Amino acid sequence: MIGRPACSRARLCAALAAVALGGCQQQVRSVTLAPVGKGCAPAGEVDRIVLQALGDFPPEPSLTATVKPPASLTLGSLPDAVSAITVEALDASGTRVALGQTGPFSFDSLLGPTLPVAWAAPDTPCAVGALARPRFGHRATRTADGHVLFTGGADAAGPVTLVESYDPGTGAFSAGVELDASVSIGHTATLRTDGSVLLAGGAQADGAGATRSILLASTGAIDSDTSPLGAGRAFHGAVLLADGTVLVAGGCARVEGDRCAAGSTLASTERFSPQSETWTAGPPLLAPRAHGELIARGDGTALLVGGEDEQGEATTAEVIDPLGGAPAVAVPLVAGAAAALDSGAVVIVGGASSASSQVIELGSPSDASTASAPLPAAVAEPSVARFGDGDLLVVGGLDGDGHPSGAAAIVPPLGAPRALPGLSPRAGHTATALLDGSVLVAGGRDASGAPLGDG
């Protein structure tokens, strides 16, 4: 886990504080902040701890207190609108050595007196739990309650069928149901507005693209099968649109190993209706594409970026109108990973079929692209996630020789990217933004090709 609270550009913290909170009716509420992460520690000796309550109210001194460890911290008569607590650890010189923030909460929803907080030294990854089944090429989907569902992927023995859930409150993974192997390799997992997760496509045992479509509950339990996809596909892109439909695009009709078979790349799209729970054909792509990524945009269109064409070469991005009211529009840039910003713009980083250090911002709705300062190291197919403060984490992927990379970088909205040390080489992993503002990096394969289970 790599932590960063939503309210700060520094990292997470390591100290244990007891908090007594009073509601607007003077009811005393006690909350104990409990550390999450077996490898998380401050960067120096903690001299004092600053605790601040956040919520829908203006900052004021009564909502902040400073204590010397191991003393507990009491904040009295706080409004019920408190929704999170930040903890900052300082050394004797006043230098920040750690920082943390709880996930969103309400007093009425707390199940007990203990509230978890993720923490670590500034700019330092820290270990949490481990997957029961190490895997690469999987999907990680954050649910509405903050848990992360892990589905599919592969290990040395083949497809991984076990669903696992990561609990940020404990830093642990728990095993769930077993799925059919056909939705393990090359499937997509999309969080829907009702909280369920739609799994679509994948590869069958004979390599043919799967048509199966499954709804998982937020707990990871199987809810139901839906109507099948119109065409079997794997390694496609998928995204939730503003109207609640799910769009899938491209992919391939046949898989060999963990890539698309030659000549099987698709140029078709399909849309899943939340009302009928059926799939219908969508508008065609400009050209066949597999391994691409779909990003929803504020104007109702979707950006398809990254991936490769029928020859296995990187291909330019395109903007899709899911309703087919306008033809797809080519965007003259090639990249490996993308992340949406609150402004509607999209930041595109790294390379697709070859390593690149590019960082490009694509505006919306003009589609004008602006090059930013490059990444510290060139990578292909990295994972990208956004910290709570808006910075991006670009982690892992393949280096210039096609080997798993240990490169990681923080990309701020303004300013140059900077390297983040301390991560082991990995590719085929996931990076998932958590509700507390940190990012969970999990799975993948290491430099030897072995699957990873660490988080």
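Analyst: Start with a term. A salt bridge is a side-chain nitrogen of Lys or Arg within 4 Å of a carboxyl oxygen of Asp or Glu. By that rule, a search of the whole structure finds 15 salt bridges. Keep in mind that this is a predicted model.

User: What makes the contact of E88 with R96 a salt bridge?

Analyst: The closest N and O atoms of E88 and R96 are 2.6 Å apart. The cut-off is within 4 Å, so the pair qualifies. Side chains of opposite charge can pair when their charged atoms come close.

User: Is E88 called buried or exposed, and why?

Analyst: E88 has 18% relative accessibility. Buried means under 20%, so E88 counts as buried.

User: Why is the pair of E381 and R259 said to tie parts of the chain together?

Analyst: First, the side chains of E381 and R259 meet in a salt bridge, at 3.5 Å from N to O. E381 lies in the loop between β32 (369-371) and β33 (383-386), while R259 lies in strand β22 (residues 259-260), so the pair ties together parts that are 122 residues apart in sequence. E381 is partly exposed at 32% relative accessibility. R259 is also partly exposed, with a relative accessible area of 27%.

User: How do you know that R289 and E318 form a salt bridge?

Analyst: Their N to O distance is 3.8 Å. The limit is 4 Å, so the pair of R289 and E318 passes. R289 sits in the loop between β24 (279-281) and β25 (293-296), and E318 in strand β27 (residues 317-320), so this pair links parts 29 residues apart in sequence. R289 is buried at 3% relative accessibility. E318 is buried as well, with a relative accessible area of 3%.

User: Which residues do salt bridges with shared partners join into one network?

Analyst: D47, R48 and K68 are joined that way.

User: How do you know that the size of the protein chain agrees with a compact globule?

Analyst: Set the value against the rule. With 455 residues, a compact globule would have a radius of gyration near 23 Å; the protein chain has 22 Å, so the two agree. Along its principal axes, the C-alpha trace spans about 65 × 45 × 45 Å. Buried residues make up 53% of the 455 residues. The accessible surface comes to about 17700 Å², and 54% of that belongs to carbon and sulfur atoms.

User: What makes the phi of F235 worth a remark?

Analyst: Most residues other than glycine have a negative phi. Phi of F235 is near 55 degrees, a positive value, and F235 is not a glycine. F235 lies in the loop between β18 (222-225) and β19 (237-240). At 14% relative accessibility, F235 is buried. E277 also has a positive phi, of about 55 degrees, although it is not a glycine. E277 is found in the loop between β23 (269-272) and β24. E277 is partly exposed, with a relative accessible area of 27%.

User: Why is A189 called buried?

Analyst: A189 has 19% relative accessibility. The cut-off is under 20%, so A189 counts as buried. A189 is found in strand β15 (residues 188-191). Leaving out residues up to four places away in sequence, A189 touches R139, T141, T151, V197, L198 and L199.

User: And how do you know that L198 is buried?

Analyst: L198 has a relative accessible area of 2%. That is under 20%, so L198 is buried. L198 lies in strand β16 (residues 197-200). Residues that L198 touches, beyond four places away in sequence, include A189, L215, V246, F272 and W279. The C-alpha atoms of L198 and L215 are separated by 4.7 Å, though the two are 17 residues apart along the chain.

Methods: Residues numbered from 1 in each chain as written. Predicted model: local features only at pLDDT ≥ 70, side-chain atom pairs only at ≥ 80, totals over all residues. Heavy atoms only, no water. Rg over C-alpha atoms; globule rule 2.2 N^0.38 Å. Buried < 20%, exposed > 50% of the residue type's maximum accessible area, 1.4 Å probe, protein only. Areas by Shrake-Rupley, 256 points an atom, 1.4 Å probe, with all protein chains shown as cover. Helix = DSSP H or I, 4+ residues; strand = E, 2+ residues; numbered from the N terminus. Contact = heavy atoms within 4.5 Å.
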